[in-house]
Amino acid sequence: MRIFPNPGVGAEARGVDLARLNVTGFEAIYRAWLEHSVLLFRDQRLTDAQLIALSRRFGELDLAPVQETGRRFVEGLPEVYVVSNVVENGRPIGSLGSGEAAWHTDMSYLEYPPIASILYALEVPPAGGDTAFVNMYSVYEALPERLRRSIRGLRVKHDGTYNSGGYAREGVVVSDDPRESPGTLHPLVCTHPETGRRVLYLGRRRNAYLEGFDLAVSDALLDELWAYVDRAEFTWRNRWRAGDLVLWDNRCTMHRRDPFDPSSRRVMHRTQIKGRERPAA
Ligand code: OGA
Ligand code: MN
């Protein structure tokens with residue numbers, strides 16, 4: 001395996017067949033993943049069973065989240081979440097449609113958010129639908145000292161109302177008042193449990209709320225922090241090819257997706273690795 005780091009975040013790992021990975025190979029990938037936070041593997045050929053087996057090496061898996069249609073998962077494959085705009089027999093086969101997905105980290109409204117997600121591209125549109133990642137270590141390190149001091153010890157509510165496509169999650173009572181909406185409070189600055197490095201843990205902007213503040217003050221401070229997120233020097237985007245597999249660390253990155261032409265097909269299979277600890281300062 002050879003590792004080619006991207007400038008902003010992540011790296012491409014070449015010379016790896018993820019369907020045939022021995023223990024040493026897996027350990028090298030694990031170390032590279034902790035170091036670079038996002039890894040891209042191109043030209044993979046995995047069955048769903050192989051995708052699940054690979055994912056399990058990182059830890060126990062979450063069952064796929066409920067899709068927007070209320071459907072839970074693919075028949076017989078409870079660990080696989082389908083991200084797709086394809087409609088078959090009048091029913092979407094997956095989630096997130098073809099629109100933009102705003103910056104987020106996966107399911108951080110849980111008390112124990114998943115540590116990692118793996119997204120494997122089966123069919124990709126000819127243009128659009130790129131996924132971008134941002135390095136939240138770099139975002140934290142870029143904050144001026146004054147701002148870092150002013151956020152010390154704060155907790156932020158990670159909204160549980162909407163998924164990253166902006167669709168309301170199954171079974172929630174929709175509220176657009178971030179003080180009332182369902183969600184979980186996590187420290188705004190967290191320490192990554194494996195690397196020991198600090199990150200700004202934002203989760204997602206919609207319905208976010210800084211505990212104990214007036215809403216306007218919370219919004220202003222959050223907007224100031226979010227202004228650091230789009231900086232090109234902290235980001236990297238993947239122009240997907242079929243056979244790409246991207247593994248990311250939800251604890252220290254966020255991701256977003258560009259919209260694409262709804263008449264083209266995009267089919268991705270995703271797994272997520274269960275978190276065992278609460279994000280902690
Ligand atoms: C996800 C996600 C974006 C994409 O699977 O968690 O945000 O590019 N996907 O499909
Ligand atoms: Mn996501």
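So, Phe58: at 9% relative accessibility it counts as buried, where buried means under 20% relative accessible area, exposed over 50% and partly exposed in between, with a 1.4 Å probe and protein chains only. Quick caveat: this is a predicted model, where local features need pLDDT of at least 70 and side-chain atom pairs pLDDT 80 or more, while totals for chains, interfaces and linings use all residues. Side-chain values use heavy atoms, without hydrogens and water, residues are numbered from 1 along each chain as its sequence is written, and chains are lettered from A and ligands numbered from 1 in the order in which they are written.

OK, rings. Searching the whole structure gives 7 aromatic pairs; Phe, Tyr and Trp rings (six-membered ring for Trp) pair if their centres lie within 6.5 Å, with planes under 30 degrees apart stacked, over 60 edge-to-face and the rest tilted. Among them, Trp33 and Phe58 pair edge-to-face, 5.6 Å centre to centre with 80° between the planes. Trp33 is in helix H1, and Phe58 is in the loop between helix H2 and strand S4, 25 residues apart; helices (H or I, at least four residues) and strands (E, at least two) are DSSP runs numbered from the N terminus. Trp33 is buried too, at 0%, and ring pairs link Phe26, Tyr30, Trp33 and Phe58 into a cluster.

Next, Phe133 and Trp248: a tilted pair, 5.3 Å and 55°. Phe133 lies in strand S10 and Trp248 in strand S17, so the pair ties together parts 115 residues apart in sequence.

Last, a charge over a ring: Arg14 has its charged end over Phe4, 3.9 Å from the ring centre. The criterion is NZ of Lys or CZ of Arg within 6 Å of the ring centre and within 35 degrees of the ring normal.
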